[in-house]
2 protein chains.
Amino acid sequence: MELLKQNVAKHISLLPDEMERFCGPFILKEVKKKQFLLKAGEVCRFEAFVNKGCFKIFYLDTKGVEHILYFAVEDWWIGDIDSFTTQTPAQLYIEALEDSEIFFISKKDKEELYNNLPKVEKLFRIMGQKTCVALQRRMLSNLSKTADERYIEFITGYPKIAQRLTNLQIAAYLGISHEFLSKIRKKIAGK
Amino acid sequence: MELLKQNVAKHISLLPDEMERFCGPFILKEVKKKQFLLKAGEVCRFEAFVNKGCFKIFYLDTKGVEHILYFAVEDWWIGDIDSFTTQTPAQLYIEALEDSEIFFISKKDKEELYNNLPKVEKLFRIMGQKTCVALQRRMLSNLSKTADERYIEFITGYPKIAQRLTNLQIAAYLGISHEFLSKIRKKIAGK
DNA sequence: TTCATTTATTGAACTTGTTCAATTTTCCCT
DNA sequence: AGGGAAAATTGAACAAGTTCAATAAATGAA
């Protein structure tokens, strides 16, 4: 559980005893490639920390087109915060893109952590702030930049993640067709 | 400070004494129309609760085009969470669209609240979650819907706010030119 | 290794949204 | 109430991105 502990320590400082109590309710799970952790319509009763592997968190629109909200690799958290907090049916899918390992925590156990270990409130308050910042930046990037610029921003900002993804997946994240992404790549390569 | 107290009570329950201690550091400020609370380049040293009026929180891109991240009316919070938490120069502007009233709290006072009143961690943890949910929904809406659909979604989802805004502002929020918004409105009207 | 499936590329026609410029309408301001 | 500025509308030409269809390349399972 070293990676999880390091992740927590980035945001708050816990005593050794507190860290053990924090880690207690997390369960290691293996998730095979193409396996779903969540499908739209289900209620999300968990959150998880990615210890190994890669996931996509996406939305299927009314025409069946996939739109990727984010990719989660090692050291990222996954879950549908909307469904999880309100316990209503999810609109999102979470699918493993590689054979992966996660530390899984149930809604119930997470609530107990909040009650028993007050610093956990601070931890998730800070993590929530960082998520907001990331979403805001992505929103502004989508509002103000062309597809070419967003593609370059993505592959230079997250080169290691980009390498692990197909262009279909990157296009679904950037909000463009994969054919158009292919043309962008050609244009860039010719420079 | 009734509106602020009601807003807090929506998320957590505080004893009367705690509520008073929470409200203590907030200062009522009047903000005239067209006045800026924050400009890009400045460090955001405050957060505020809108008691009356309306604000736009926006980004100016490299070409000088304005992109609106959100509008804040009565019962909303404002601030640049990115600049505020990291104390680095803001990329955002916050400008009053009407004569307004806010309850203002400094970075320093907010940190003291976190230390002296542990429930405040929970309050802002929950508010952060809701902000994430809203940003996620907007992101997915922008990825999956046409400008027409987003316009209808906005004016039906926030009819009271929409009434108070110009079409220039709505276009800058939807991520389209105001000329195109004008054409969308014409098309819709002719139904 | 092979065969089937998925992914990537390309071109042509099309749709969505932009830009620029001109005109009209609305809104302030004193 | 009048005049000036900002906002809204409209049209025409243009650019960005999509769709469809066909082909090539890469991947993966038996």
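**Close-up views of a two-chain predicted model**

**View 1. Helix α5 of chain A on strands of chain B.** Helix α5 (residues 119-144) of chain A lies across β4, β5 and β7 of chain B and runs at about 130° to β5(B). Contact means heavy atoms within 4.5 Å. Axes are lines fitted to C-alpha atoms, for helices over the stretch in contact, and angles run from 0 to 180 degrees between N-to-C directions. Helices (H or I, at least four residues) and strands (E, at least two) are DSSP runs, numbered from the N terminus. The model is predicted: local features need pLDDT of at least 70, side-chain atom pairs count only at pLDDT 80 or more, and totals for chains, interfaces and linings use all residues. Residues are numbered from 1 along each chain as its sequence is written, chains are lettered from A and ligands numbered from 1 in the order in which they are written, and side-chain values use heavy atoms, with hydrogens and water left out.

**View 2. The interface of chain B and chain A.** In this interface, 33 residues of chain B are in contact with 32 residues of chain A. The two chains bury about 3,300 Å² between them, 67% of it on carbon and sulfur atoms; buried area is the accessible area (1.4 Å probe) that two parts lose on being put together, summed over both. Eight residue pairs, both members at pLDDT 80 or more, are in polar contact between chain B and chain A. A polar contact is a pair of N or O atoms within 3.5 Å; within protein, one must be able to donate a hydrogen and the other to accept it, and residues adjacent in sequence count only if both atoms are side-chain atoms. On the side of chain B that touches chain A, the elements giving two or more residues are β5 (66-73), α3 (81-86), α5 (119-144) and α8 (167-174) of chain B. Of these, α5(B) gives the most, with 18 residues. By class, this side of chain B has 15 nonpolar, ten polar and eight charged residues; Ala, Val, Leu, Ile, Met, Phe, Trp, Tyr, Cys and Pro count as nonpolar, Asp, Glu, Lys and Arg as charged, and the others, Gly among them, as polar.

**View 3. Salt bridges between and within chains.** Six salt bridges are found across the interface of chain B and chain A, where a salt bridge is a side-chain nitrogen of Lys or Arg within 4 Å of a carboxyl oxygen of Asp or Glu. A:E121 forms a salt bridge with B:K122, with the closest N and O atoms 2.9 Å apart. Over all chains, the whole structure holds 30 salt bridges. Within chain B, B:E47 forms a salt bridge with B:K110 at 3.1 Å between the closest N and O atoms. This pair links distant parts of the chain, 63 residues apart: B:E47 in strand β3 (residues 46-52) and B:K110 in helix α4 (residues 107-116) of chain B.

**View 4. A four-stranded sheet of chain B.** The open sheet has the order β2-β7-β4-β5 (chain B), with antiparallel pairing; two strands pair if DSSP finds at least two bridges between them. β2 (36-38) and β5 of chain B stand at the edges, each with a single partner strand, so one side of each lacks a neighbour in the sheet. Neighbouring strands of this sheet are turned by 25° against each other on average, direction ignored. Five bridges join β4 (residues 54-60) to the antiparallel strand β7 (residues 92-96) of chain B. The bridge partner of B:K56 in β7(B) is B:E95.

**View 5. Helices α4 and α5 of chain A.** The axes of helix α4 (residues 107-116) of chain A and α5(A) come within 6 Å and cross at roughly 115°. A:K110, A:L113 and A:Y114 in α4(A) meet A:V120, A:E121 and A:F124 in α5(A).
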